[in-house]
Amino acid sequence: MSLLTTVYDATLAPFVDFGFMRRALVACIALGLGSGPVGVLLMLRRMSLVGDAMSHAVLPGAAVGFLVAGLSLPAMGLGGLIVGLAVALLSGLVSRTTAVREDASFASFYLTSLAAGVLIVSLKGSSVDLLHVLFGTILAIDQDALYLIAGISSLTLVLLALIYRPLVMECFDPGFLRAVGGRGHLYHVLFLLLVVLNLVAGFQSLGTLMAVGLMMLPAVAARFWAVSLPGMMFSAMLVAFLAGVIGLNISFHTGVASGPTIVLSASGIYLLSFLFGRLGIVRQRLSRPHLAG
Amino acid sequence: MSCPDPKGAPIHLENLTITYQRHPAVHHVTGSFEAGSLTAIIGPNGAGKSTLIKALTGTMAASEGRIDRAGMSASRYGYLPQAAEVDRSFPLSVFDTVAMGDWHRLGVFGGMKRQDVARALDALDKVGLGGFEQRRISELSSGQFQRVLFARLLLQDAPVILLDEPFNAIDERTTRDLLALIRHWHEHGRTVIAVLHDMSQVRQCFPQTLLMAREAIAWGATEDVLQEHNLRRANMMEESWREDAHTCAVHEEART
């Protein structure tokens, strides 16, 4: 009985007893539902670092929102969305009309954007404000923020379901999609919109610097568990959920910052997946007799 | 296929020029691929063969001249891209890859009905991959993967079929089987155009040939095109662009 009580106290009690922990958990679940599949597609399109660049790129928009309305998620989110989309579209435009590759144009735009964002915050805000924007405050998430995150996750799932077929074709064989008149650019832009939206959803909780953490780490970990695309997307959602539960619990019991703890939990799951996943290194190295044909 | 084969359509090129950063990859090419013809496009590396195929698919714009597709939309053409342009590590099953060939029927939202599934499985059977439908494409050999792309073409059921280096890095048996499919398409009146490098293959299987070296060196019956003097002329093409090149005289003439 006492063991059960200990397990309950260590895992479930914080969420049962405290509303802010429940809201943080729901935020993590909602983030994982939207960011997980988007992260898997980013990884498969070899755009993992573009996701990282985009997460930095939303900073100036968030900073302007912060200057105008303080720590208001709708204002910061809207600012982040506008600037993030502008960076995504400009980078795409530069790479499609010149010889500069997409990752290089993303790098130039996000560095400019990051520097502008830090400058804007430092003009008016304190270093504490800057830390809020950079690292997020998942334990301070309110009802409105939850609705926004849940809304973005729902929109992500619906839009992904609608454009799943051409998006997969665009990733796998873009030349074929163009040849059959599939308007690949449109789906690419819609996909970038989803990336930016999910980063905006993530930055209130994890900050602009780590919002991409719950997008990419679960996606990469999922690669060690599933071989099909739907399987990878589902695994990424599950990993994000587990990282949220574990990270929030560790943060609650030890008093360390919640955002980085959640991302580090996702890193831990990634490491375990790399070692012991269905397609992980240990299982591959286990000597098993080969088959006859 | 249970439905009758669609008849091939002609394609006429009129003074077609396609450029990269103003340098021509295809230069003032004029001529016709007749309806139902089987044509090999050959030429040295950098001769503009793949660029021409991409222009025929409608994915590369002409800098000058035009392509007359006799009223048919380029999106109805069947297209096999070069193997290097396809991401074979993508987590897709063989069936899902073949099913992409049904795009013009299903579009973005259409669901596959029982007969669509049967057609996709039938296409896999025809390329000798029956029973492979649930395999991952990353588990296939180069030859098997090329068979999958041919099954996708079968499902496209297109009147015009464009193949960009279809036999690169695949074994003799697979090449023989896929050549038989190409012959079948030709016999049933489809227009087939393939970029190739193997001259003996071209001599044996392709009645028409377009020899390119950016411009069309020769275009017509294969035995006439593959003359020594034509091949020598094509091989004299400079592979790289001349940075000091002047504006094209034909272009200037047309403007004045």
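**Definition used in the first views.** Two strands are said to pair if DSSP finds at least two bridges between them, and this wording applies throughout the legends below, which describe a predicted model.

**View 1. The hairpin of β1(B) and β2(B).** Two residues lie between the strands of this hairpin, and Gln21(B) takes a positive phi near 45° there. β1(B) and β2(B) run antiparallel and are joined by seven bridges. Within this pairing, Leu13(B) is found opposite Gly31(B), a residue of β2(B).

**View 2. The three-stranded sheet of chain B.** The strands of this open sheet follow the order β2-β1-β4 in chain B, and their pairing is antiparallel. Because β2 (23-33) and β4 (64-68) of chain B stand at the edges with a single partner strand each, one side of each is left without a neighbour in the sheet. From one strand to the next, the twist averages 25°. On the β4(B) side, strand β1 (residues 11-20) of chain B is joined to β4(B) by four bridges, and the two run antiparallel. Here His12(B) has Asp68(B), a residue of β4(B), standing opposite.

View 3. The domain assignment divides chain B into domain 1, made of 1-77 + 159-256, and domain 2, which covers 85-157. Taken over C-alpha atoms, the centres of domain 1 of chain B and domain 2 of chain B are separated by 26 Å. Where the two touch, 13 residues of domain 1 of chain B are in contact with nine residues of domain 2 of chain B. On the side of domain 1 of chain B that touches domain 2 of chain B, the largest share, four residues, is supplied by helix α6 (residues 172-187) of chain B.

**View 4. Helix α6 of chain A and its surroundings.** Helix α6 (residues 73-97) of chain A contains 25 residues and spans 35 Å from its first C-alpha to its last, close to the 36 Å expected at 1.5 Å a residue. Among its buried residues are Leu73(A), Met76(A), Gly80(A), Val83(A), Val87(A) and Ser91(A). The cover over the buried residues of α6(A) includes α4 (48-57), α5 (59-69), α7 (102-124), α9 (143-172) and α11 (184-210) of chain A.

View 5. According to the unreviewed UniProt entry, the feature "transmembrane region" is placed at several spans of chain A, including residues 49-69 and 75-94. In the model, residues 49-69 of chain A are 95% helix and 0% strand, and the end C-alpha atoms of this span lie 31 Å apart. Residues 75-94 of chain A are 100% helix and 0% strand, with 29 Å between the end C-alpha atoms.

Conventions
Residues numbered from 1 in each chain as written. Chains lettered and ligands numbered in written order. Predicted model: local features only at pLDDT ≥ 70, side-chain atom pairs only at ≥ 80, totals over all residues. Axes fitted to C-alpha atoms, helices over the stretch in contact; angles between N-to-C directions. Expected span 1.5 Å × (residues − 1). Buried ≥ 20, exposed ≤ 12 C-beta atoms within 10 Å, placed from the backbone. Contact = placed C-beta atoms within 7 Å. UniProt positions renumbered as here; feature names shortened; annotations may be inferred. Domains from an automatic or database assignment.
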